[in-house]
Amino acid sequence: MAGMDVEMRGNAIDEMLKKKRDLNPLPEPETLDDLVQGLKIIFQDNEINVEEVNEYMSKYKTNAREWYKYAKFDHHRYTRNLVDQGNGKFNLIVLCWGEGQGSGIHSHSDSHCFMKVLDGTLDETMYSWPSDSEDECELQKTETHSYGKDSVAYINDSMGLHRVENSSHTNTAVSLHLYSPPFDMVECFDQRTGHRKKVRVTFYSKFGQRTPFPDQGPTCTEQADVARTGCTSVETLEPENN
Amino acid sequence: MMYEDDVPPENRVDLAYSGLDLFPEHLSEKADRIQSLHLNNNRILVLPRAVSLFQELRHLDISANGLTHVSGELTHLPNLRTFIAKNNLLEDGALPKELGRCLSLQVLNLSGNGFMEFPEQIEGMAGLRALYFGANRLRTVPSEIKHMSRLEILYLGGNQISSLPLEVGSLSSLMSLVLCDNRLESIPPHLARLRNLRSLSLHNNRIAALPSEIIALRNLTELSLRGNPLVVNFVRDLSYDPPTLLELAGRGVKNSGIPYGEGDVPPNLYRYLSLARKCPNPKCTGVYFDARVKQIKFFCNIYA
């Protein structure tokens with residue numbers, strides 16, 4: 001391969017690796033460990049084939065005994081529990097959603113995002129990116145989806161923004177997320193105004209160990225848009241006669 | 001699960017999803033070692049008297065069994081801390097009258113049943129730390145809830161609650177209050193007394209305004225408000241109705257503090273001036289009569 005430039009060589013390697021997997025397909029991921037190892041192999045490539053990852057993640061059948069140690073719930077918000085750092089190519093994270101808990105509306109830092117439901121049901125509401133023109137405009141809902149056990153969903157920034165939530169008042173939900181490349185900042189959007197803010201995303205636990213973060217700062221759960229002065233609705237407050 | 005950390009694995013029995021038609025009474029042979037019992041997702045229609053044989057029981061999960069009532073024998077378990085009976089067929093009157101005698105009980109989960117009234121027995125449970133009553137058919141919350149002084153978690157999402165008693169503000173230990181998916185039109189300002197509140201879930205209600213006192217809650221880091229007219233109205237009601245000349249004149253008189261007496265202006269105008277209303281925003285010193293812009297925003301200086 002001497003004489004090829006770096007990019008051509010990279011693509012040629014990808015092709016070889018893919019051909020190798022086509023000839024010797026990865027074994028079915030029977031356990032979470034299998035899944036992690038298989039994903040590491042897939043992500044050796046520079047280019048990601050979304051279909052391939054989607055299919056591979058679908059093949060793993062959820063088994064609570066295998067991810068139980070990552071399933072740490074919090075009473076106040078959903079949690080993010082790091083499982084593996086994918087040799088630097090991806091983050092694999094277990095998210096735990098208590099009853100009624102949901103995320104804010106967010107984007108994905110130009111990364112691929114795969115979500116597999118391990119327990120319960122998660123509802124996704126997608127929104128278009130706010131337009132650059134108007135100052136304040138409500139975000140437009142585009143699609144909604146409901147994902148049950150073992151289903152796999154995918155999103156990236158070109159598809160829009162989304163909110164994910166556990167709408168159940170009786171059952172918790174657990175999901176497995178793969179983000180590639182890994183990121184630690186997202187943009188969170190206010191539904192009413194389209195305003196965005198950067199939020200650092202943190203881990204509730206890493207590799208099964210609780211890792212409290214000293215100062216949370218703003219989080220990507222839903223928060224009301226704020227300003228420093230103003231008043232609440234005039235309509236329902238008792239008017240004082242002057 | 002979250003609550004069982006105090007029980008070593010060898011003292012836990014997991015018979016969930018096991019096709020059981022009856023409560024496994026035979027386990028009572030090993031009762032002295034059984035501290036945690038998972039019987040969820042079976043077909044155990046009746047909780048029999050034999051449950052009281054399990055004197056060491058701390059955690060019992062009998063969710064999703066088609067249970068129609070809970071036997072009083074439960075109250076004979078001196079160590080029972082957690083009782084989970086969600087997704088059953090329990091309705092008003094299904095709980096034993098003596099449930100309040102279960103002094104050791106800390107976590108009670110009755111979500112996904114058919115209660116229409118808040119059970120009286122629960123009101124007196126001063127030792128309860130967490131009460132999950134999601135997805136039932138509650139329409140109100142009794143003021144007697146104030147007796148539940150140790151309550152840290154109160155989950156009432158997915159009911160038909162249209163108002164809250166101000167006594168909810170007395171639950172000084174409360175850290176998490178979930179009221180999403182109900183029919184609330186307002187929130188009593190007394191909630192501002194909940195100094196320990198860390199999360200407040202209000203999404204999908206009919207709330208038009210929030211009491212500004214909520215801003216005082218320094219520990220509140222999670223707040224959901226979406227799906228309330230509080231948010232929707234702002235977008236729709238940015239009105240373009242200009243005030244009348246009469247209104248403008250009235251505002252001018254009031255804002256400038258121009259003195260006037262009953263004899264100085266015609267009686268109809270004197271009456272009109274007395275109708276001036278103050279804007280509730282403490283920073284705004286103006287008045288209005290009929291025309292005002294409804295600024296429906298929630299403002300707070302801890303979330304900026």
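Student: What ipTM does the model score?
Tutor: Good place to begin, since this is a predicted model. Its pTM is 0.81, and its ipTM is 0.84.

Student: Over which residues of chain B does pLDDT stay under 50, with 14 contacts beyond four places in sequence?
Tutor: Chain B averages a pLDDT of 87, and 86% of its residues score at least 70. Where pLDDT is low, the predicted coordinates should not be read in detail. One such stretch of chain B, residues 294–304, has 48 contacts beyond four places in sequence while pLDDT stays under 50. The stretch you ask about, with 14 such contacts, is residues 231–239.

Student: Which strands stand at the edges of the open sheet in chain A?
Tutor: The sheet has seven strands with mixed pairing, in the order 7-4-9-2-1-12-13.

Student: Which residue of strand 2 of chain A does A:Asp84 stand opposite?
Tutor: In the pairing of strand 1 with strand 2 of chain A, A:Arg80 stands opposite A:Leu95. The hairpin of these strands has six residues between them, and A:Gly86 takes a positive phi near 50°. As for A:Asp84, the residue opposite is A:Leu92.

Student: How many of the seven residues of strand 2 of chain A are buried?
Tutor: A:Asn91, A:Ile93, A:Leu95 and A:Trp97 point one way from the strand, and A:Leu92, A:Val94 and A:Cys96 point the other way. Both sets are buried, so strand 2 of chain A is largely enclosed by the rest of the structure. The count is seven of the seven.

Student: Which strand of chain A does helix 3 run at about 15° to?
Tutor: Helix 3 (residues 50–59) of chain A lies across strand 4 (112–119), strand 7 and strand 9 of chain A. Of these, the one it runs at about 15° to is strand 4.

Student: Within what arc do the buried residues of helix 1 of chain A fall?
Tutor: In helix 1 (residues 6–23) of chain A, A:Gly10, A:Asp14 and A:Arg21 are buried, and what covers the buried residues includes helix 2 and helix 3 of chain A. On the other side of helix 1, exposed residues include A:Glu15, A:Lys19 and A:Leu23. Seen down the axis, the buried residues line one face of the helix, because they fall within an arc of 40°.

Student: Is B:Lys30 buried or exposed?
Tutor: B:Lys30 has its place in the loop between strand 1 (12–14) and strand 2 (36–38) of chain B. Its C-alpha atom is separated by 10.0 Å from that of B:Leu53, 23 residues apart along the chain. A relative accessible area over 50% counts as exposed. With 52%, B:Lys30 is therefore exposed.

Key: Residues are numbered from 1 along each chain as its sequence is written. Chains are lettered from A and ligands numbered from 1 in the order in which they are written. This is a predicted model: local features need pLDDT of at least 70, side-chain atom pairs count only at pLDDT 80 or more; totals for chains, interfaces and linings use all residues. Side-chain values use heavy atoms; hydrogens and water are left out. pLDDT is the predictor's confidence in each residue, from 0 to 100. Contact means heavy atoms within 4.5 Å. Two strands pair if DSSP finds at least two bridges between them. Helices (H or I, at least four residues) and strands (E, at least two) are DSSP runs, numbered from the N terminus. Axes are lines fitted to C-alpha atoms, for helices over the stretch in contact, and angles run from 0 to 180 degrees between N-to-C directions. The expected span of a helix is 1.5 Å times one less than its number of residues. Buried means under 20% relative accessible area, exposed over 50%, partly exposed in between (1.4 Å probe, protein chains only). The arc is that of the directions from the helix axis to the C-beta atoms.
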